[in-house]
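Please look over the sequence and the model shown here before reading on.

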Amino acid sequence: MSRTVYVNGDWVSEENAKVSVFDRGFLFSDAIYEVTAVANGRLIDFTGHAARLAKSMASLGIKNPVTEDTLKSLHFEILRRNELKDGLIYLQISRGAEDRDFLYSADLEPTIVMFTQARNVLQNPRWETGISVATVPEGRWSNRQIKTVQLLFSSMAKVDAQRRGADDAIFVEDGLITEGTSNNFHIVTKDGKVVTRALSNALLHGITRASILDIAESAGIATEQRSFTPDEAKNADEAFITSAGVFVMPVVAIDGHPIGTGKPGSITQKLRQLYIQHSLETSEGP
């Protein structure tokens with residue numbers, strides 16, 4: 001079944017969804033994006049994604065083509081048109097299109113694209129088994145707090161990790177873990193404390209990450225934001241990643257070294273359950 005896609009104010013079939021070959025998102029990766037999860041036809045953490053989208057555009061000097069209210073309406077409309085109950089909404093905004101040049105005009109009209117991906121976000125078989133990750137030297141640009149479409153290095157790292165027998169990769173810079181290829185990375189210490197790297201330009205300021213920290217504090221689970229090494233992570237009781245696509249995913253091995261018991265830990269499982277409950281209670285409907 002063909003999906004309906006949003007392109008620059010028009011609703012078109014995915015076969016007819018096109019942008020200019022001169023679009024700077026295509027030529028220079030001069031674009032930002034957001035992915036919002038959908039459960040039971042409702043948007044999860046939409047306000048956080050919208051705020052980060054606006055911040056990313058401001059950081060790059062891209063003109064915001066829509067208000068937050070309009071953006072929310074577009075999200076609900078694309079759900080309706082595609083009859084999507086569970087899955088993801090991908091949104092991308094580029095600086096716009098003009099003849100190729102490293103310099104760009106100040107008055108470009110942004111290109112905005114949206115499409116859906118059907119997926120049962122409330123059921124993931126890997127939650128029960130966990131995933132393994134491999135460490136990879138950090139090689140991305142320095143402004144990782146901006147959610148740009150410059151994802152080639154992350155994509156190649158993920159593919160390389162799978163070739164090495166792992167499910168994903170985590171980046172290491174100056175001996176410290178930054179984050180995963182498309183997620184934030186966390187550990188649980190022997191005394192039950194959730195540790196995650198503090199916010200900076202070294203990592204994406206994850207929306208799910210922020211929710212998990214709030215939920216942990218409300219549940220009486222201690223948290224700490226600081227840097228840590230791969231060795232500390234390998235010797236932790238538990239580890240997990242967070243993202244809009246997988247919510248809270250247990251990590252049971254790093255570079256072939258089992259974490260804790262080598263199985264999903266109790267705190268990770270509790271945080272996932274609490275996050276799903278919180279998301280369903282606070283999700284936004286049409």
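The model is predicted. Its largest pocket has a volume of about 1100 Å³, and the second largest pocket holds about 230 Å³ of space.

**The largest pocket**

- The lining of the largest pocket comprises 47 residues, and those closest to the centre are Y33, K158, T181, S182 and N183.
- Several helices and strands each contribute at least two lining residues, among them β3 (31–39), α2 (46–60), β9 (176–180) and β13 (238–243).
- The largest share of this lining, six residues, is supplied by α5.
- Sorted by class, the lining of the largest pocket consists of 16 nonpolar, 19 polar and 12 charged residues.

**The second largest pocket**

- The second largest pocket has a lining of 14 residues, and V19, D23, Q92, T111 and V113 lie nearest its centre.
- At least two lining residues come from each of α1 (24–28), β5 and β6 (111–118).
- The classes represented in the lining of the second largest pocket are six nonpolar, five polar and three charged residues.

**Residue L108**

- L108 lies in the loop between β5 and β6.
- L108 counts as buried because its relative accessibility is 11%, and buried means under 20%.
- Beyond its neighbours within four places in sequence, L108 is in contact with R24, K63, R95, G96, A97 and E98.
- From C-alpha to C-alpha, L108 and V252 are 47 Å apart in space, with a separation of 144 residues in sequence.

Definitions and conventions
Residues are numbered from 1 along each chain as its sequence is written. This is a predicted model: local features need pLDDT of at least 70, side-chain atom pairs count only at pLDDT 80 or more; totals for chains, interfaces and linings use all residues. Side-chain values use heavy atoms; hydrogens and water are left out. On a 1 Å grid over the protein atoms alone, a cavity is a set of points where a 1.4 Å probe fits but cannot get out, and a pocket is an open set with protein on both sides within 12 Å along at least five of seven lines; lining residues have an atom within 4 Å of a point. Grid points are joined across faces, edges and corners, and a volume is the space filled by probe spheres set on the points. Helices (H or I, at least four residues) and strands (E, at least two) are DSSP runs, numbered from the N terminus. Ala, Val, Leu, Ile, Met, Phe, Trp, Tyr, Cys and Pro count as nonpolar, Asp, Glu, Lys and Arg as charged, and the others, Gly among them, as polar. Buried means under 20% relative accessible area, exposed over 50%, partly exposed in between (1.4 Å probe, protein chains only). Contact means heavy atoms within 4.5 Å.
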